[in-house]
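Open the structure in your viewer and keep the selection tool ready. We will go stop by stop, from the whole chain down to single residues.

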Protein chains: 2
Amino acid sequence: MRIVVPAGGIGGARFLRGLKAALGIDSPVPEEQSTNAITVIGNTGDDITLFGLRICPDLDTVMYTLGGGIDEERGWGRADETFTVKEELAAYGMRPTWFGLGDRDTATHIVRSQMLAAGYPLSAVTEALCDRWRPGVRLLPMTDDQVETHVVVEEDGRRRAIHFQEWWIRHRAAVPAQSIVSVGAEDAKPGPGVLEAIAEADLVVLPPSNPVVSVGSVLGIPGIREALAAKTVVGVSPIIGGAPVRGMADACLDAIGVETSAGAVAAHLGADLLDGWLVDEADAGTEVEGIEVRSRPLYMSDLRTTEAIARAALDLGRELAGRKGGGE
Amino acid sequence: MRIVVPAGGIGGARFLRGLKAALGIDSPVPEEQSTNAITVIGNTGDDITLFGLRICPDLDTVMYTLGGGIDEERGWGRADETFTVKEELAAYGMRPTWFGLGDRDTATHIVRSQMLAAGYPLSAVTEALCDRWRPGVRLLPMTDDQVETHVVVEEDGRRRAIHFQEWWIRHRAAVPAQSIVSVGAEDAKPGPGVLEAIAEADLVVLPPSNPVVSVGSVLGIPGIREALAAKTVVGVSPIIGGAPVRGMADACLDAIGVETSAGAVAAHLGADLLDGWLVDEADAGTEVEGIEVRSRPLYMSDLRTTEAIARAALDLGRELAGRKGGGE
């Protein structure tokens, strides 16, 4: 089976680990998989340039998580990380100080920045970085164009747009967002291989990632949503019992006027896109018009439970694809 | 007394520590010195760009040594240094791997590179970095223009020029140098404040730095040598008993056809420049035409002995300045 997964962040990366297990993908090199293969369309809207370094948090989280380099506790950044460079930059008075720039991570950003400066597109850079990490999936940036998620906030009666990372990390999403804007998205083109991978996919799975700034950013690149909608698409709800499983997705949903519930998120993603939707047992009984909703335990407490969730998504996908195929 | 010291590298930085002590300079901020002040004209010929970072080894060695941040054992780089970024860059296959890029050091290079990219000249960047380190001297780059010392070597019958750092660190100066070239020096201008500081100086002291690539590079900037030569100049021999006190200055002297001896180095620097020359007791009896040579212990084994060497240089300078003044 060829699966496409639009993903970003910790939830997406952890789900992908379960999906690899469910598909029996244990080789570190995607090309060696003869039958099952995963292509990840990575969110780049969180990307930011700090200290002259181009930082791609979501691509790195997927790469490190699947490549065995992630800090399991934090969920982001490298295991055995130190923060000497960050502390020294602060000692020089450099701003900002709120970004968690690790020393190991710094090397990744230096390699990326050097390659970008040399003229390579982000897709080529990501492929080069994955040569080391061998995540076992094909990791494609959603676009090679610069797209950055900005958040409009109001402070002292004055509205201003700040980078998503500043809102998310510095303010812990506690400053209410007036709106969330994907700067540059309108003119961005899908990255090399993205539309091809979708066209060849047997199934699209939306992981329990932030529906607004992770999956939402990928869907915001012109051409991607339409291509995905033509496929059988099954999603895993990132909302359980009216709260995000992890992170602060509720603050993002508030900003776009969507209720923090499994059903409202599915409706927001849309019946034109979603064929099936897995919700937690706590949300059993959820109904969304035009979308097949199934309930089952959705907490990704370890690899075994995550694999079971992925299997359920694959099963529902196969079932719906058969129906869809039969209906076409 | 206002002293100007053209300096580079470990020998120069350590001597400066003794000179500060001899002049009673213990304030970290040069401006607070009402009577005695040191201006260092720092060698930038060793500077190199690696991984997109602009690295100024000699300026940093002076800044860290006088500012209390140096690794005393190694003589270069930061105390309590780690090398995570370097190891990670190597893990990505980045070249070169021979440069000792420390994590703390990396932050210095990031700040410098960011400021240079923003359009600030190296002199302004160095001043900003010194705001943190407060070395107690005014540290001026010899030039704001890019000057890089390259070494012509012959390998397998083929001549090629490599950066001084590659020759010095990677090859440990063991590959014979055909010649040493200061690329860009001819068109370089002295940095802001350099000629003014020399004009106002009561005395110029040449520390026991590498006479070819440290002091020599500073002298190679058009205008600097002439300005220095108009002053009373006292030097401290970096050669004791026919060998460099530290480092591989002999390999550099070989390359320019100068014997590794205290007398030959003085003669190479020239009687037009040097008024006085301190040699070690091992070299007592050294005579150089037109230069007043004095012998005394020159090993900088600790701050006390280094201070005594600096005092001897100051005493000789005062004596010769009196004579020179009397003769003018």
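## A loop in chain B

Select B:Arg134. This residue sits in the loop of chain B that runs between helix H5 (122-133) and strand E5 (138-141). Keep in mind that you are looking at a predicted model.

B:Pro96 lies in the loop between helix H3 (84-91) and helix H4 (103-117) of chain B.

## The whole of chain A

Now select chain A and colour by secondary structure. How many helices and strands are in chain A? There are twelve helices and 14 strands.

Zoom out. Along the principal axes, the C-alpha atoms of chain A fill a box of roughly 65 × 50 × 40 Å. The radius of gyration is 19 Å. A compact globule of 328 residues would have a value near 20 Å, so chain A agrees with that picture.

Buried residues make up 59% of the 328 residues.

Show contacts next. Take the contacts between residues at least 6 apart in sequence: 69% of them join residues at least 24 apart.

Colour by charge. Chain A carries 30 positive and 47 negative side chains. The centres of the two sets lie 3 Å apart.

## Where the chains meet

Show both chains. Together the two chains bury about 2,100 Å², with 67% of it on carbon and sulfur atoms. Now select A:Glu88, A:Tyr92 and A:Arg132. In chain A, these residues lose the most area to chain B, together 32% of what that side buries.

## A cis bond in chain A

Select A:Arg95 and A:Pro96. A cis peptide bond joins them, and omega is about 0 degrees. A:Pro96 is in the loop between helix H3 (84-91) and helix H4 (103-117) of chain A.

Select A:His171. A:His171 counts as buried because its relative accessible area, 17%, is under 20%. Which residues beyond four places in sequence are in contact with A:His171? They are A:Glu155, A:Ile162 and A:Glu166.

Step on to A:Arg172. This residue is also placed in the loop between H6 and E8. A:Arg172 counts as exposed because its relative accessibility, 56%, is over 50%. Phi of A:Arg172 is positive, about 50 degrees, although the residue is not a glycine.

## Last stop: A:Pro28

Select A:Pro28. You are in the loop between helix H1 (9-22) and strand E2 (37-42) of chain A. A:Pro28 is partly exposed, with a relative accessible area of 41%. Leave out residues up to four places away in sequence, and A:Pro28 touches A:Arg134, A:Pro135 and A:Gly136. Finally, draw a distance from A:Pro28 to A:Tyr120. The two are 92 residues apart in sequence and 24 Å apart in space, C-alpha to C-alpha.

Definitions and conventions: Residues numbered from 1 in each chain as written. Chains lettered and ligands numbered in written order. Predicted model: local features only at pLDDT ≥ 70, side-chain atom pairs only at ≥ 80, totals over all residues. Heavy atoms only, no water. Helix = DSSP H or I, 4+ residues; strand = E, 2+ residues; numbered from the N terminus. Rg over C-alpha atoms; globule rule 2.2 N^0.38 Å. Buried < 20%, exposed > 50% of the residue type's maximum accessible area, 1.4 Å probe, protein only. Contact = heavy atoms within 4.5 Å. Lys, Arg positive; Asp, Glu negative; His and termini not counted. Charge placed at Lys NZ, Arg CZ, Asp CG, Glu CD. Buried area = accessible area lost by both parts, 1.4 Å probe.
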